[in-house]
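Morning, everyone. I'd like to talk about pockets today. Here is the model.

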Amino acid sequence: MAAEREKSAVPRGRSRCARPDPPAYAWRVSIPDLAALHALGAQQQPTYPDPAAVDAAVAKLRTQPPLVFAGECDDLRAKIAAVGRGEAFLLQGGDCAETFEGVTADNVRNKLRVLLQMAVVLTYAASVPVVKVGRLAGQYAKPRSSDTETRDGVTLPAYRGDAVNGFDFTPESRIPDPSRLVDVYHASASTLNLARAFVTGGYADLRQVHSWNTDFVRDSVAGQRYEVMANDIERALTFMAAIGADPDEFHRVDFHTCHEALVLEYEHAMTRIDSRTEQPYDVSAHFVWIGERTRQLDGAHVELLRHIRNPIGVKLGPTTTPDDAIALAERLNPDNEAGRLTFVTRFGAGRIRDGLPNLVEKVTAAGLDVAWVCDPMHGNTFEASSGYKTRRFDDVIDEVQGFFDVHRSLGTWPGGIHVELTGDDVTECVGGGEDLAEIDLSSRYESVCDPRLNRVQSLELAFLVAEMLRQA
């Protein structure tokens, strides 16, 4: 694809006799600088010990090429507008927290593979277009409930993701290091290069539908069900080839990326002015969202993201009132533009049927154009007796079912799911067709933060959601 010229979103100094800036200058000065954002009391930010090192990392990031292009963000915004109209379904999925060590061809391929499988299941079984957005190539920072962590009487800064500090529980590892932000950029670039190569190089070809099902999945009930569906698709493709039909859509997929816009230094440095429109885009990802802990109406994250032209999301938990949601929509999407704003709800299985209806009903009554997506993961986390953080597969399914039930009762569209998952055979969430128990968690618990659905559980989820979609 043709590269688009991007300009920095930060105004540079001008000599007294310099010519006036182009129209884009108005956009540049409208974006608060980092000091102004931090003055708003920015939440969930690392405390860096060396301000000069922070300045150096930010300056380095500002010189780097964009990871994504503004036109791609516009394309995704149009697709999410279709989700908001009830004409498509949004599938967002990937790691809870990416790691630098995880940037390998195998890991990227495995995550892409499970998303492709889920999308095929949803598209074929529910006959609805699926917008595919990977939670990858940027999901390196995590909010935490506490700034510190204590083990055996030793207290250190909490691990905030590889973007901030190291996972090892040592004083040296846990010191926030701004040079890691530059590492995030390079790791994200490598991940994107791999993902684009797989998507355009034949791996995403629909004729690969059987090869996406590896042996350990084939042995599961979900895998066997997938094979039946794959056979049907293969016969349909053979018929299409016989009559001379071979559209491009059979050979490639549109794939976009997303992450939580958390560390202000990174997101601000990656915000650029698009040369076509003279408007600012965060070119670190196609879609970025504001988390439940950072969605303060007068906070730094809302202030930054309200200026960018990317499609954006906001996580809404059980404490969110309809007035909160309406105020956020009016601030983040004042023109009520279709595809601009997605509300990602994360209530928990026990709360969604009571808490979501009033929220959806009043936002809809206000005439706000938003897409509704369900995050069934974050409201259902608990600590097993062994000390591992985990989630019950049944709770995940129950929250998604509650999400669909509420929207069906209100006549609104359940627009998508946002899931933490992996393409590997990990043991982090209990239940599912494999009937994983708490005693199994230690077998292959690999997440550095929150538990993820493994590949079999993800495939099971896709089939169950497809059934809900057919009823919707």
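First, the residue classes: Ala, Val, Leu, Ile, Met, Phe, Trp, Tyr, Cys and Pro count as nonpolar, Asp, Glu, Lys and Arg as charged, and the others, Gly among them, as polar. This is a predicted model: local features need pLDDT of at least 70, side-chain atom pairs count only at pLDDT 80 or more, and totals for chains, interfaces and linings use all residues. Residues are numbered from 1 along each chain as its sequence is written, and side-chain values use heavy atoms, with hydrogens and water left out.

Now, pockets. On a 1 Å grid over the protein atoms alone, a pocket is an open set of points where a 1.4 Å probe fits, with protein on both sides within 12 Å along at least five of seven lines; lining residues have an atom within 4 Å of a point. Points are joined across faces, edges and corners, and volume is the space filled by probe spheres set on them.

The largest pocket holds about 770 Å³. Its lining has 31 residues, with P143, R144, K389, C449 and D450 nearest the centre. β4 (148-151) and β14 (389-391) are the elements giving two or more residues to that lining. Strands here are DSSP E runs of at least two residues, helices are H or I runs of at least four, and both are numbered from the N terminus. β4 has the largest share, three residues. What is the lining made of, by class? Nine nonpolar, eight polar and 14 charged residues.

Next, the second largest pocket. Its volume is about 620 Å³. Among its 21 lining residues, T123, V130, K132, E249 and V253 lie nearest the centre. α5 supplies the largest share, five residues. By class, this lining has 15 nonpolar, one polar and five charged residues.
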